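Here is a short report on a protein with an RNA strand. Take a moment with the sequence and the structure, then read on.

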Amino acid sequence: MKPFYITTTLPYVNAEPHIGFAMEIIRADIIARSKKAAGHDVFFNTGTDEHGIKIYRKAKEQNIEPQEYCDKMALKFKAILPALGIMPEINFIRTTDPHHVAAAQEFWKLVDKNGYIYKKNYSVKYCVGCELEKTDSELVNGRCPLHPLTELEIIQEENYFFKWSAFQQKLLDLYAERPDFVIPDFRFNEIKAFVERGLEDFSISRIKSKMPWGIPVPGDEDQVMYVWFDALVDYISAIGWPDDEVQGKNEKGAFKKWWMETGGVVQYCGKDNLRQQSAMWQAMLMAAGLEPSRQIVINGFVTGEGGIKMSKSLGNTVDPLEIVKEYGTDALRYYVARELSPFEDSPFTKEKFKETFNAGLANGIGNLTSRVLKMVVDNGVKIEFKPVKPIAIDGYNIKAACDEIWKLIQEADKSIQDQQPFKVVKTDPEKGKEMIATLGGQLYTIAQLLEPIIPETAAKIQEHLRENKMPAAPLFARR
RNA sequence: CGCGGGGUAGGGUAACGGUAACCCGUCAGGCUCAUAACCUGAAAAUUGGCGGUUCGAUUCCGCCCCCCGCAACCA
């Protein structure tokens, strides 16, 4: 069995789980399940990113310790996985796990040993009014928009820097070698163009006295790692690097297996992560002397109606759990898989969700199941249960794969209409039953193909066919 | 001239140098096994604008207009 490793980005725990993360992990889960169905040995990773200034502030706001805050949030993220139908064997890593902390420090040491970390003074703009550091992008006309009358102070700060600039050519070589390193291609072009323009070293630490919530920098009491540097390492610490043992799984040689010998280390992420995943992280791996990732898949964003960015202030956000509560897990998975554009931004509205639900699930697979099952059960038809080769999801185009399956549903509906087995069975029972058995077989095939997309439903259909009985309630009641 | 993405039927998307496809919706007909479901057919797009290349462009090139991200430490 060929190993296959797939991971989502680790959501930052400064806010509740949102629809964007739900989309990302559902897609990764669909890929993971389809690879598993195709006979791969799959390692599927997710977790939580817990360090950094935002978390620190959030915890302070709530008057609790950062660790306590993170524990609470990590639980929340973990708790939603079953509601999203994520395969139960998924690995859940936290960047505060002792194993990860040790790995991040080891990673730092390696990169340092190889000469890619150095200390440098750099100046920070500080707004006394906010008592916060400000980045240039936060400023309006060179001033803090909240305190436009206050002069910004320039503070000198000494941080560690990562020699990103040393990897420009190596990154470009990597991109040239692997034509499908970043998917989709327009994102790949974007990152190539970015790297071609030149890279600047970036700071990878913070002064502990100002921001203590981070992994201590090895050999320097006064500094903690900048959260990005630590978080990215999770992709390898999750599979046991450096001690080659996955937590609690006791698997020797895990890193080698999942990272080096795998058919594809796939990192799923949002388009805001393009740079970090496909350029920063790859350079970091090179700096540590490790193999780069195999493939990065970039999602678009889920937007509100009319492609408008979702935001709380606009009130157009969607809570994935609310949707699950109202429509069920598979309904959300179906929408993510079939209706959202696989790579571009696409809108999520309740109205559209309902429409899609009715069309694809209630009228589509739900109704087909009812009509076939009814004929099967009423006539006591015996079906031949043949295992089927899972559908290949080419180029991570989950939507296209769904279209193929729904085409089969449509064909089954059409053949019922054209051949009218419900009529034939009354005049020629033998022939009618044969036709119905064929239909039952087709439905069984469809159910198997649906497993990665809507696993709960897929299992239900197969069960009912095997037990030769009608479901107590329709699979998807029309709304 | 900062970088990148995008503008295709009412909505959402696809495709492609040679009759513009799919889903939803709309309209008409059919069927009755089924969840007012299903099947068939129809209406509906001069593919943002203007120019160019070409026998032929929505597809390639140039310019313009509009929308959306990013612009480096935002995880």
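## Helices and a first residue

Helices are DSSP runs (H or I) of at least four residues, numbered from the N terminus. Arginine 187 lies in one of them, helix α6. The model here is a predicted one.

Is arginine 187 buried or exposed? Buried means under 20% relative accessible area. Arginine 187 has 10%, so arginine 187 is buried. Leaving out residues up to four places away in sequence, arginine 187 touches Val182, Lys271, Leu274 and Ile298.

## Helix α1

Helix α1 covers residues 19-37, which makes 19 residues. From first C-alpha to last, α1 reaches 26 Å. That is close to the 27 Å expected at 1.5 Å a residue.

How many of the 19 residues of α1 are buried? The count is 15, and α1 is mostly covered. Just after α1 comes glycine 39, with a positive phi of about 100°.

## Serine 278

Serine 278 sits in helix α10, residues 274-287. Its relative accessibility is 0%, so serine 278 counts as buried. What does serine 278 touch, not counting residues up to four places away in sequence? The list is Leu171, Tyr175, Phe181, Val182, Ile191 and Ile296.

The side chain of serine 278 also has a polar atom 2.4 Å from the backbone oxygen of leucine 274. Valine 42 is another matter. Serine 278 and valine 42 are 236 residues apart in sequence. In space, their C-alpha atoms are 22 Å apart.

## Glutamine 267

Glutamine 267 belongs to strand β12, residues 265-270. With a relative accessible area of 0%, glutamine 267 is buried. Its side chain makes a polar contact with the side chain of glutamine 277, at 2.6 Å.

Glutamine 267 touches several residues, again not counting those up to four places away in sequence. Among them are Thr7, Tyr235, Trp259, Trp281 and Ser293. Gln277 is on that list as well, and Ile296 too. Ile296 also touches serine 278.

## Cysteines

A disulfide is a covalent bond between the sulfur atoms of two cysteines. How many disulfides does the model have? With a cut-off of 2.5 Å between cysteine sulfur atoms, the count is 0.

Cysteine 70 counts as buried because its relative accessibility is 0%. Cysteine 269 has 0% as well, so cysteine 269 counts as buried.

## The surface near RNA strand B

RNA strand B is surrounded by 51 residues. The closest are Lys54, Arg197, Tyr226, Asn273 and Arg371. Of the atoms of RNA strand B that come within 4 Å of the protein, 69% belong to sugar and phosphate.

Which elements supply at least two residues each to this surface? They include helices α6 (185-196) and α7 (227-232), along with strands β8 (202-203) and β15 (346-347). Helices α14 (398-419) and α15 (421-427) are also among them. The largest share comes from α13, with 11 residues. By class, the surface has 16 nonpolar, 14 polar and 21 charged residues.

## Polar pairs with the RNA

Lysine 423 has a polar side-chain atom 2.9 Å from a phosphate oxygen of RNA strand B. For lysine 352, a polar side-chain atom lies 3.4 Å from a sugar or linking oxygen of RNA strand B.

How values were computed:
Residues numbered from 1 in each chain as written. Chains lettered and ligands numbered in written order. Predicted model: local features only at pLDDT ≥ 70, side-chain atom pairs only at ≥ 80, totals over all residues. Heavy atoms only, no water. Buried < 20%, exposed > 50% of the residue type's maximum accessible area, 1.4 Å probe, protein only. Contact = heavy atoms within 4.5 Å. Polar contact = N/O pair within 3.5 Å; in protein donor to acceptor, adjacent residues only side chain to side chain. Near = heavy atom within 4 Å. Nonpolar A, V, L, I, M, F, W, Y, C, P; charged D, E, K, R; others polar. Expected span 1.5 Å × (residues − 1).
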